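Visitor: Hi, I'd like to talk through this model with you. Can we put it up first?
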Amino acid sequence: MKLLTKEQKKFYDDNGFVMLDLLSKEEVEELSQDYDRIFTTMGKCNTEATWRGTWENEEKKKKMEVKSIHALQMYSGAFTRLLMNPKVLDACEDIMETPDILLHHTKAHIKPPGTGSPFPMHQDYHYFPFEKDSMIAVFLSLDDADPENGGLCIYPGSHKLGPQKDVSDAPGYHYLDQKEFPIEDATPLTLKKGQIVVFSYLLVHGSYNNTSTNRPRRMFLTQLMSAHDTPLASFHISECQGMVLRGHCFKRDADIKKRHLQFIDLEKKQNTM
């Protein structure tokens with residue numbers, strides 16, 4: 001073990017998540033300031049990301065909002081440094097049980113006070129299934145977060161159930177049967193600003209709506225995968241995907257004549273959407 005105690009590792013294995021304090025106040029403050037700057041600067045873009053589908057009353061959804069920007073490392077070096085943070089990667093290596101760690105994607109969500117939308121109970125698995133289920137999420141809370149301002153909630157140990165049925169009726173969105181996994185029965189996580197939750201992509205989780213009057217909920221999430229795992233489908237292609245954050249990966253084709261093909265194929269795919 002590089003960073004986690006045996007007790008923390010067992011807690012993760014049993015529950016599918018672990019809460020950690022890994023960043024300094026200075027690191028958190030830099031991330032917080034750059035986070036706000038990114039969202040302010042990009043405010044004219046379409047960033048609305050409330051989940052669609054019949055999981056929630058239509059009238060309710062009209063009053064709700066979630067602002068989202070992906071790949072914050074493409075806007076600020078502070079988030080690139082976070083991806084390479086030795087303590088964070090030490091914790092991930094302990095959890096994933098491999099020194100060869102790849103980036104899948106990053107994203108940020110803001111839930112405004114009073115209007116911040118809930119997230120239905122779901123598993124990240126359905127967005128990007130992998131053969132060995134090595135995928136984990138590193139969830140950084142940039143505000144004090146609890147149920148009042150739309151905090152995270154989970155079903156501890158649900159990662160052991162394996163993939164559950166995706167009942168979404170909205171293309172591009174995935175969620176589970178909300179009667180089988182009601183948010184009312186989930187365990188809320190209360191986080192301090194700067195705390196990190198690492199959890200399995202099989203863990204059933206969601207988040208509450210922000211009912212507070214003056215407390216936004218800002219988060220930054222990184223999804224990581226083992227270099228020794230294989231995707232079961234080509235979904236959720238993101239910037240910097242496959243970047244080696246630690247260790248090695250030799251799955252890439254080094255043929256010089258093919259160096260641009262993946263980008264050409266991606267461009268063609270995007271132009272047909």
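Visitor: How do the residues lining the largest cavity divide into nonpolar, polar and charged?
Guide: They come out as 10 nonpolar, one polar and no charged. Here Ala, Val, Leu, Ile, Met, Phe, Trp, Tyr, Cys and Pro count as nonpolar, Asp, Glu, Lys and Arg as charged, and the others, Gly among them, as polar. Keep in mind this is a predicted model, where local features need pLDDT of at least 70, side-chain atom pairs count only at pLDDT 80 or more, and totals for chains, interfaces and linings use all residues. Residues are numbered from 1 along each chain as its sequence is written, and side-chain values use heavy atoms, with hydrogens and water left out.
Visitor: How much space lies in that largest cavity?
Guide: About 80 Å³. A cavity is a set of points on a 1 Å grid over the protein atoms alone where a 1.4 Å probe fits but cannot get out, and lining residues have an atom within 4 Å of a point. Points are joined across faces, edges and corners, and the volume is the space filled by probe spheres set on them.
Visitor: Which element gives the most to the lining?
Guide: β10, with three residues. Helices (H or I, at least four residues) and strands (E, at least two) are DSSP runs, numbered from the N terminus.
Visitor: New topic: what's the strand order in the open sheet?
Guide: β4-β9-β6-β7, with antiparallel pairing; strands pair if DSSP finds at least two bridges between them. β4 and β7 each have a single partner strand, so one side of each is left without a neighbour in the sheet.
Visitor: And which residue is the bridge partner of Ile154 in β7?
Guide: Thr187.

Note on methods
1 Å grid on protein atoms, 1.4 Å probe; cavity = no way out; pocket = protein on both sides within 12 Å on 5 of 7 lines; lining within 4 Å.
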